[in-house]
Every structure is written in C-alpha cells, then in structure tokens.
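Let's take a friendly walk through the charged side-chain pairs of this protein. Please have the sequence and the 3D view ready.

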Amino acid sequence: MDSASVPPLTVIVGDEELLVDRAVASLVAAVRADDPEVDVHDLVPSQVNAGKLVEVTSPSLFGERRVVVLRSAQDLTKEPAGVVTGYLRDPADDVVLVLSHAGGAKGRALLEAAVKAGAHRVDCAKPTKAAERTRFIKDEFSRAGRQITPDAAQALLDAVGNDLREIAAACTQLVADTDGRVDAAAVARYHTGRAEASGFTVADRAVEGRLPEALEQLRWSLSVGMAPVLINSALAGAVRGIAVAAQPPRGMSEAELAKRAKVPPWKLRSLRQQSRGWTPQGVAHALRVVAETDALIKGAGRDPAYALERAVIEIATARTRRG
C-alpha cells in the first residue's frame with residue numbers, strides 16, 4: 001500500500017490480534033513513507049475520553065497530517081463513542097482515522113456508522129480451520145520469497161499449535177535458518193533438534209523442579225536462536241498438562257483426560273509423574289506466570305530472555321507452593 005492509496009477512514013474488523021496489528025502497521029507505514037514526520041496517535045479505550053478524542057481528531061491549525069488509531073472501538077463508552085460518531089459525519093481533511101473492532105454485537109452501532117460513512121473495511125478474522133492456518137503458513141513463506149510444501153506446513157502446525165503469533169514466529173525462524181524450498185524433513189530437523197529438545201526440555205525440567213537443568217537448557221535454546229514465544233508456549237503447555245494431571249476430574253476416561261491436557265495418551269504417564277508434589281496454589285501461580293510472560297514477550301516487556309528466565313525460576317519453585 002502506498003500513501004496515495006491510504007483512505008481517510010479505515011475499519012479493521014476481527015479478533016485476530018496479529019492480523020489487526022499488521023493491518024494497522026501497514027497503514028501507518030504507508031502514510032509515513034510519504035510524510036516521515038506524521039503524528040501518530042495509537043490509542044485504546046482505557047486511554048481516552050471524549051476530550052482527548054476531540055483533541056486528536058480536530059483539524060490542525062498548521063495543516064499537519066495525523067494518523068489516529070483507535071483500537072478495540074467496541075469497548076468505547078457512550079460519550080467517546082458519540083464523539084467518534086460525530087467525527088464520522090464531518091471528518092477532518094488532515095486526519096487518517098483507523099478504527100479496529102472485534103466484529104461482534106458489542107459496539108455494533110459505531111462499526112455500522114463507520115461503514116455507512118464510507119470507511120474502507122479490512123477483515124482480520126481469526127483462522128478457525130486447519131486449512132486456513134495452512135494457507136497462512138504458505139502466505140508467510142510467500143511474503144519472504146520462499147516456498148513450503150503442504151506436508152511441511154502441516155508438520156509445522158503439528159509442532160507449533162494454533163496460535164497465529166507462534167506460527168508466524170516459527171515461519172520467520174525457518175526462513176532464517178533454512179535455504180530453498182522447505183519440506184517436511186526440514187521442519188522435522190528443526191523442531192526435533194530445537195523445539196522438542198529445547199523448548200519442551202526447558203518446560204519438562206521446569207515443571208519437574210530441576211531448576212539448574214532448566215536454566216541451562218533455556219540459555220542453550222536462546223543461544224541457538226529459538227524463538228522466545230515458542231519456549232513460553234512449551235512452558236504454558238507443560239503447566240496446563242500439570243493442572244489436568246494433578247487434579248483429574250473424577251470419572252474422566254484416559255482419552256478425555258489426554259484431550260483436556262492437549263497431549264497424546266502415551267504422555268499421560270509422564271505427566272502424572274511430573275505432577276507429583278504440585279499443589280493447587282503452585283499450579284495457579286505457574287499459570288499466572290506463563291500468562292504474564294506471554295504478555296512480556298509479545299511487547300509489554302523489553303527483555304524476552306529475562307522474562308523467560310524469571311518464568312523458569314518461578315515455575316520450578318512453584319511445585320510446593322502453598323500460598
């Protein structure tokens with residue numbers, strides 16, 4: 001997209017954060033390509049009130065161009081939403097307004113008002129089918145000027161899971177660490193040699209309380225270029241498995257238990273062994289830690305390596321936690 005093609009009003013509709021972030025970044029980059037000094041206001045409802053919205057959307061006395069990004073517009077309260085609706089009826093010439101909306105019933109009137117005002121619509125729905133996630137992987141490689149075979153794309157999904165940010169991180173890593181067309185053998189080499197023997201090993205050692213080994217594996221994983229998001233994903237999966245194995249619902253079959261823990265049935269035995277010593281308080285604390293670490297890795301913090309090291313220490317020492 002170039003600057004000339006950036007519409008004065010855009011609505012980005014959908015609940016997939018990665019795609020929303022990319023759509024916003026593309027629009028902002030297009031405007032900045034023409035005007036590097038453009039003033040960008042990237043806002044969420046909790047940061048704004050009616051006065052702030054009037055301020056950032058009012059015409060500039062000096063004709064300076066602005067980009068106003070209002071995320072999660074469905075969460076605006078009545079008064080700020082009214083300001084935005086009023087702006088849609090009489091937009092400023094020097095403002096590019098970008099609204100993101102989850103697409104549900106909440107705040108629907110504002111979305112409909114924007115569309116009625118002629119907003120350009122960008123859909124960013126979360127991929128819900130395996131075929132859609134496979135297409136996303138192929139598109140990621142195409143964006144990088146590379147190709148991936150269908151069986152390799154499926155193998156990557158099997159190794160990484162369904163979170164789009166994690167899938168994108170894995171694609172980026174494979175593009176950086178391989179040459180030519182990526183096939184299933186390349187994915188297997190990468191994820192067997194690194195993801196399973198590093199991210200998963202870090203997670204196993206952490207939930208087993210073997211802190212020195214967990215930290216050693218973590219530092220090795222980071223040193224060979226393992227994506228922090230994949231390591232934390234492995235930690236999250238291990239903790240979730242412990243949560244299920246430590247207090248299995250009464251009467252649940254092995255197959256149902258494995259499904260709830262998101263592991264193959266053969267891994268239940270090792271999960272049960274790892275869950276020994278874990279208390280409900282420890283599990284709850286570990287779950288909070290991986291959630292906090294996920295946020296830190298994805299932008300809330302400055303040092304993913306430090307965040308992961310803290311997470312490993314907290315998880316490894318949480319097994320006997322009783323308060």
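How many salt bridges does a search of the whole structure find? In this predicted model, the search gives 17 salt bridges.

| Salt bridge | Closest N and O atoms |
|---|---|
| Asp123 and Arg121 | 2.8 Å |
| Glu208 and Arg205 | 3.0 Å |
| Arg310 and Glu292 | 3.3 Å |

Let's take the pairs in turn. Arg121 has 40% relative accessibility and counts as partly exposed.

Next, consider the arginine that bridges to Glu208. Is Arg205 buried or exposed? Arg205 is buried: its relative accessible area is 18%, and buried means under 20%.

The bridge between Arg310 and Glu292 has its closest N and O atoms 3.3 Å apart. This pair links distant parts of the chain, with Arg310 in helix α14 (residues 304-316) and Glu292 in helix α13 (residues 280-300). The two residues are 18 residues apart. Arg310 is partly exposed at a relative accessible area of 28%, and Glu292, at 37% relative accessibility, also counts as partly exposed.

Finally, which residues are linked in a network of salt bridges? Two aspartates, Asp21 and Asp42, are joined in such a network with two arginines, Arg71 and Arg165.

Definitions and conventions: Residues numbered from 1 in each chain as written. Predicted model: local features only at pLDDT ≥ 70, side-chain atom pairs only at ≥ 80, totals over all residues. Heavy atoms only, no water. Salt bridge = Lys/Arg side-chain N within 4 Å of Asp/Glu carboxyl O. Buried < 20%, exposed > 50% of the residue type's maximum accessible area, 1.4 Å probe, protein only. Helix = DSSP H or I, 4+ residues; strand = E, 2+ residues; numbered from the N terminus.
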